[in-house]
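Let's take a friendly walk through a protein model, one piece at a time. Have a look at the sequence and the 3D view before reading on.

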Amino acid sequence: MTVGEGYDVTDAVQERLRRWRLVLGGGPADGTGCALSGRDTAMDAALAALYGKGDKPPTGRTGRDRSAGLGGSAPSVARWLGDIRTYFPSSVVQVMQRDAIDRLGLATLLLEPEMLEAVEADVHLVGTLLSLNKAMQETTKETARAVVRKVVEDLEKRLATRTRATLTGALDRSARVSRPRHHDIDWNRTIAANLKNYLPEYRTVVPERLIGYGRASQSVKKEVVLCVDQSGSMAASVVYASVFGAVLASMRSVSTRLVVFDTAVVDLTDQLDDPVDVLFGTQLGGGTDINRALAYCQSRISRPAETVVVLISDLYEGGIRDEMLKRVAAMKASGVQFVTLLALSDEGAPAYDREHAAALAALGAPAFACTPDLFPEVMAAAIEKRSLPIPDAV
């Protein structure tokens, strides 16, 4: 292999050894023989506090010294949060915060306002805060709402414009007309409707009946029901569903209902103008009764042929399984477009009940995980009553 001019092989090897040293934690067992100094020592200490072994605070110098623990005090955690934001990029900081909450039991410290001001806010932190909502004092809750609002506003900026544009187009196309202008003709549907008029000698179809895209007036509405499982494993999905619910509710041509459930059912539709209020109206954790939630949603459907029901759940049903499936079948038979999402998040499919997923697929409601970026396309397909864009890996 030819090495380019000015390329220092020694520097590249040392950099690789340095990175491995930070990963492995030092000591003779890591095999790198690489010593750290300056900023690297501080980085190693921050990593050791979270990923090391033992119970004592880290010194960050050798493998034998490396140990886990941020101490029991808020000041210790606050310093650590400041350190990781200094030494690591935002995406890594969010992962480390999540790991610290899971591995070291730091959730209760987030009940202190000074802790909330120090953390890097993201969807997962919002989920943790919502699970602690009932334990918060008012002063902490005010800080928590500010953290949640920042995340929600960032998500709305990222998702709202594309969602409105995609669904507006779908609503226009769903209003079919039989005498369209030339540029409004839906050629795929027109050809399919006129295949009986195929003339083999001319190798052409005579379009006896034209089908076109209408222009949906603001008085023409589709009804969307978001039915969201608020069990603890669905935290990120609850956050995204609340944001999308608020975006859909802002569209005049869509009537949106948001229902969250565990073993109880709560209708948060009247709070959709502020997704932060919606989120603080949820109660993460508890059991799951999908059948009861779907019964409530079904009772609120007035125009089934114009309604899309989106069930967001990992399908671990604690209610009556057969009744749940009968209810889905009845809704679909009435003309409801039924969509089942195992998750609405960036993390892919969670653990889910495969038997229930297979049963829903047999009813024509395949269950799959959906990213926030794909959700507008899924909703557009449901509104237009065409095949859903299901990801390859389910």
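## Around T128

Leaving aside neighbours within four places in sequence, T128 touches I101, A107 and L110, where contact means heavy atoms within 4.5 Å. T128 sits in helix 6, residues 123-131; helices are DSSP runs of H or I with at least four residues, strands are E runs of at least two, and both are numbered from the N terminus. Is T128 buried or exposed? T128 counts as buried because its relative accessibility is 14% (buried is under 20% relative accessible area, exposed over 50%, partly exposed in between, with a 1.4 Å probe and protein chains only).

## About the model

This is a predicted model: local features need pLDDT of at least 70 and side-chain atom pairs count only at pLDDT 80 or more, while totals for chains, interfaces and linings use all residues. Residues are numbered from 1 along each chain as its sequence is written, and side-chain values use heavy atoms, leaving out hydrogens and water.

Six strands form an open sheet in the order 7-6-5-8-9-10, with mixed pairing (two strands pair if DSSP finds at least two bridges between them). Strand 7 (265-267) and strand 10 (367-370) are at the edges with a single partner strand each, so one side of each has no neighbour in the sheet.

Strand 9 (residues 337-344) runs parallel to strand 10, joined by four bridges. Within strand 10, A369 is the bridge partner of A343.
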